[in-house]
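Subject: Handing over the two-chain model

Dear colleague,

I am passing this structure on to you, and below it you will find my notes on what was found. Please read them with the model open beside you.

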Amino acid sequence: MTNSKLTVLFIFIVICFSACTKDFLEKSPIIGITEENFYRTEADAIAGVNAAYATLQFQMSEAGHFRWFWGDIMSDDAIKGGSSDNDANDLLQLETFKGPTNTDHLEAEWSADYEGIYRANVVLEKVPGIEMDAKLKARILGEAKFIRAWNYYNLVTIFGGVPLADRVLAPSEYNIPRATADQIWDFIEKDLKEASADLWARSEYAPDDLGRITKGAAQSLLAKTYLWRKKYAEAKTTAELVINSNEYILVNDYAEIFTQGGENNDESIFEIQYMNASGGNWGRNNANEGSFTNVFTRARGRFGGFGFNIPTQEFVDEFFKEGFEDPRLKSTVFRIGEPMGDRGIFTIEETGGFPHLYYSKKYFNNLSEQAPFGDPAPNGGSNDRVIRYADLLLVHAEAAAQSGNESAARQSLNQVRSRVSLPNVTATGSALLEAIYRERRIELGMEAHRFFDLVRTGRAPSVLGSLGFREGVHELFPIPQSQILATNGALTQNFGY
Amino acid sequence: MRIVLFFTCLMVAFNIQAQVNIKGKVTFANEAEGAIGVNILLKEDNSVGTITDIDGSYSLTVPSKNSTLVFSYIGYNTTEIVVGDQTEINVSLSENASVLNEVVVTGYTNQKRSNISGSVATLNAKDISEKPILRVEQALQGLTAGVQVAQNSGSPGSTLAVRIRGVGTINNSDPLYIVDGVPVDGLDFLNPNDVETMNVLKDAASAAIYGSRGANGVVLITTKGGKKNQAGRISYDGYYGVQRVGRLVDLLNAGEYATLQSEAYLAAGKTPPAEFANPSALGQGTDWQEAIFETAPIMSHQLTFAGGGPTSAHTLTASYFSQDGIVGGPKARFERATVRLNSNYELKPWLTLGNNIGFTWLQRNGLTENSQYNSPLIRALNMDPITPIRKADGTFAYSNYADTDIANPVNGIAQTHSTWTTNRLVGNVFANLNLGKGFSFRSTVSMDVNYSIQRGFSPRFDLSNIPSISEAPTAEKNLVNNVSVNNYLWNNKQIENVLTWQKNFNDKHNLTIIAGTGAISNRFDGSGGGNSNLPSNDPKDAYISNTVDPASQVPYQVANESSLLSYFTKANYELDGKYLFSGTFRVDGSSKFGRNNKFGYFPSLSAGWIVSREEFWKSNFISTFKLRASWGKNGNDRIGDYSFSTVVLSGQNYAFGADEIITNGSVALTSANPDLKWETSTQSNIGVDMEMMDGMLNFTADYYIKKTSDMLYASPIPLVAGTLAPPQNIANAENKGLELAANYKNTKNIVKYSVGANISFVTGIVTGLGRGGDPVPSGYVQFANANASQTDVGQPIASFYGYVTDGIFQTPAEVEAHAFQNEDTAPGDIRFKDLNGDGVIDIDDRTYIGNPTPDYTFGLNTSVEYGGFELGLTFQGAQGNEIFNNTTRYDFGYVNRPSVALDRWTGPGTSNTQPRANLNDPNQNARVSDRFVEDGSYIRLKNTLLAYNFSEKHLQKLRLQKAKLYVSATNLITFTKYSGLDPEIGNIGGSLEIGIDRGFYPQARTFMVGLGLTF
């Protein structure tokens, strides 16, 4: 009996041993791969840079750039809208320049920019070590540099000097203080110059790569950077590189630009890609290819939107200043009585009783263009037209006018005007400059340029003063209070907040 | 490996002595029949013993005349008899009212309650089966001090928040559940009638034997097993009942709504709809609460077959339970069917094999719950009363008045098709080896296999009046139907080996030592997919492949695994029956933690002194007086499986090309933390147990301090990092508490009665949050677009944080005189206190405005028995907690309001509590403030039971052993000041989401009739 007891006991001990193998406690993720084992192939490099692209699409909290929040709502062209004053109330406070410093939307912008910078930095650190086609590698690094520069461009124009993360930061470096705005601008210039050299021209990309950053995009953003820094001569020559590349033209039909068919057309220099069939959902839209802009800017009521970014009367009036209705108005706003695409006629009642006379039209999607599955609200399909050739021509015009070459300025300006059959401008001096500014407001209306143009050219205090804008303060938005706290005060607040 | 050491010391030997044969019969006092299943053991050697048979007879061979026999049976006094010259020993066992003799399962050992030095609460089958509870956790509600139980939702099959000694962590606060030795993640699969005992290990010393998983306390459940030598028994238990909503919120009717809205329109400079001009013509309108609540059935059937022979015993049970929802009816139905077989076989005198195996099928239909956006409740509370449920043509109507986001709740329920189906096997097989000399060895292999399918379907619908133009708001239509399916497979395996040595030296030293090892391996596999635009709109056809384009499916697959390897030991030592010592030590290694911290070490010590057994103890009134003290460490390992690693995740996509091809992107979203380790809680406990009046009255008190350190928290890192924060071991918290419980039981008179009461005080504060200690916000409230709660150093977890109201501005002068709130602030708006005195009301004027955790929770239960009748009442409640009432969408000016809104300010002196009506709320009266914080205290008559037990005479006629008929009610009466539907709101969405009512699905008031029969 004793022996059988011990035999049974022995069997149990053996069972236990076999259960406890050496690496029993070593479990690595089954799906996904650890960072040490990634970044080894050409496909890894492409996937790496694609992840950086994905941040361009970010909208909403906790990370996202709605460019029109800052460019349009904060300007005299539009007001916030929404269901009531309480709907995104922080935007109301910001647009009336009573801005709180803790708004989710500023924090989301900050967060999305730095996520993009982090992902670009990962590419710039990991991809050089991959053995792959040299031309492709150069392009990928160029794409990453552009994305990094683009995010810094957002940051410096919204917040001024910000912490400069020129590499993947270690936890000990999270509290780095703000660099000066000039240091950030210098960094942007350097990235864009390098990116311009490495990136492929638009025509060099395969059709399936449409939407990737091109040489022209990097040069255009560099021209805009120079213009902001009042380096007019450099801005002019850089813009001319784009013009003379013959990669871009103004399309004939202005109205066509903002339709689904007008996406990535010959006028498109930098466009953030969205699509309506990704099935994505609310929240941080990593996996979501859709845009919220469509639903946010559509009218409420039967149009099923949230009714944000409402054009002002003053903005609409600007289209009549030449004594007739500018032909671009009908592509820019909806007016009462007009059909809102295939969604029905715009009346106050149908929009839920809100007293708005206009709605923004450039990011309108038809019912027939709505996402075929998933929640249609976060799955709008309209690409964000960030830099159009018309913008670049007007940059060129402004740079030329500012550097004394008025005929070149007028030529670019009138090229934009003649597309919509408007008479040539013949003005000179400050009147020419004013004409260029006005052309930007109309040509690029509701495309998130206005506030930044006003600040860049120093006109914001006079134009926005009646709305509460104070010179020396509201050129910049406040640094998110949460970030000042998170860094134990290593970040300082902007003046006046 | 270390475990070898435990076994190499085994020595097995046998002695042979002069033997005596004894036989006899055991009866219970006052009963003629023999007592079945009484344990008879040789005091000198516990390996010798037997159990009485059906007649109460036994026979036993003992080594010598000097042997002492110990007769024991649960609930009766243990009797010791020296054999001497007797060969027939007949014993009558007297009933013991004392709870100190009950056997308590303490984790790998069983101990008599009198010998326990830690803090353990026990519930027996009687406490559980006599209440028609729906889920096992409910049995703990109101019956045990220090255990707070709240329903996470009143919807059938909802989980419960069980908090042992308060919320000790900002992470998962659920206790560890062990059913027959198998760790499980909740008890929804368990038939309450199958439970024999539930033991709650409250202090760290008791729970430390579960090491890295014990920090939130441990609930040990033993299911009913067969008893040897027991006549076959068949029982049926069943009940049927109806459920109704307890109470409704007082809302505006159509006329009142129109009156208020007209004012609100005018105040906002808008013209009210013409039909609001004559409110009295609108009358009552639609009562949306009546529209969604219904009377719903509930039923349970249970069959038990139990019996045992001399070498084996079995219990086989089968049960079916079904409950419809008081909202949604069958759309919220929960059904559960279980079968269970618990057996043990004495294969050899020294080898017992057994199994506890249960299979559960359950199905739960789900509605959206506790959501401030689209739950049926929130829609019913906010939908305007003018809109009818249905249009004249019988189809559902949509609102022209309330905000377009507020959808018709009745239609919403009708369009919901969501089902969760589980097939689950939880069980173990074990072998017990009696090695002699006090050594025994137990090996257990357990499995928990759960295969669940979740199916969802959103049909096409459109409430538009003119379908061709589809004018209804987005929330009232779904133009593209979609279907989803998710398959989940959890496969958890465990093997445990425990060696036990029990020895009594010189009748003075009682020693039990155990040593064991355990290995657990868990794997989760999930896959599923979705599709949309199905040609058929019938839920019966809702399969992802039922579409014109099968390739359009969106599939996914996930998988993860974790493992835990453990070594543990425990020693209980009892000296002279007066001094008790216990110590445990456990080593846990987990795959979830970083390379640098794979193993955690968890020690504990406890001691007890039974003062009343000392010579000097003279009191007869207090028959037992015991002091206890314990200290121990526990861990909490409930974090993600791979939190320590940096994983490059695909799916960070972007669409390129004219054809919008979704192209994969990959990046690591979270930084790594190779130092990740256990969250550790250290707890000290002192307690006293007293028994008075011959065991009729007993009293227990415990005081504890529980410190949680290295709490896992993904403290937000500066966003400049561009990554999500990894969890780090940085936060600390401290809970202190006092628990008192008293029970009085009088079973001597014809009228038997008992009264039990318990009360638990807990105060918990956060003592550290790492990185400069930024408060952790939680509890997002949509109407204020802000968080209602925050967790900060020095404050209770998830305290409400916001503005303090100070009445209503009555005149422009008052607005002028007060700190600046808003340019459009006007008389009738709420005055907020300028706490920092800077003349501006802004975020710096917020403060702590409430605590969602009660100061104390309590339970009171009483029962009276007389002549077969039995009346039982259980009260239960909480005191001193606040609830943030987030059930009205104040961000929408057009929605319906509670009736108190009628008391609005309309001119100087009209109201100092309810602000003026204004669609736009320019003053932001709806910001997070104490206006929405309500007293959440309540007392609830949780259970009421009136039963009749048929007398012996009737039973013989009916050839039954036992018959019981009862009526019962749950949630019959509730006393509370809270204005919402139900003050007993649980905890959905993590430990920090507490005390916020987002349209909580209220608990039903239930009436049942039940029957119990035993053949």
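I begin where the two chains meet: β1(A) pairs with strand β32 (residues 647-649) of chain B in the antiparallel sense over 2 bridges, where strands count as paired if DSSP finds at least two bridges between them, and helices (H or I, at least four residues) and strands (E, at least two) are DSSP runs numbered from the N terminus. Within this pairing, I33(A) stands opposite V648(B) in β32(B).

Please keep in mind that this is a predicted model, in which local features need pLDDT of at least 70 and side-chain atom pairs count only at pLDDT 80 or more, while totals for chains, interfaces and linings use all residues. Residues are numbered from 1 along each chain as its sequence is written, and chains are lettered from A and ligands numbered from 1 in the order in which they are written.

The contact as a whole takes 80 residues from chain A and 83 residues from chain B, two residues being in contact if their C-beta atoms, placed from the backbone, lie within 7 Å. On the side of chain A that touches chain B, the elements that give two or more residues are α1 (2-19), β1 (33-34), α2 (42-56), α5 (104-126) and α18 (481-486), and α1(A) gives the most, with 10 residues.

One residue of α5(A) to look at is I117(A), which is buried, with 31 other C-beta atoms within 10 Å (buried means 20 or more such atoms, exposed 12 or fewer, and partly exposed in between). Leaving aside its neighbours within four places in sequence, I117(A) is in contact with R148(A), N151(A), A165(A) and, from the other chain, G722(B).

After α13(A) comes G404(A), whose phi is positive, near 90°.

With best wishes
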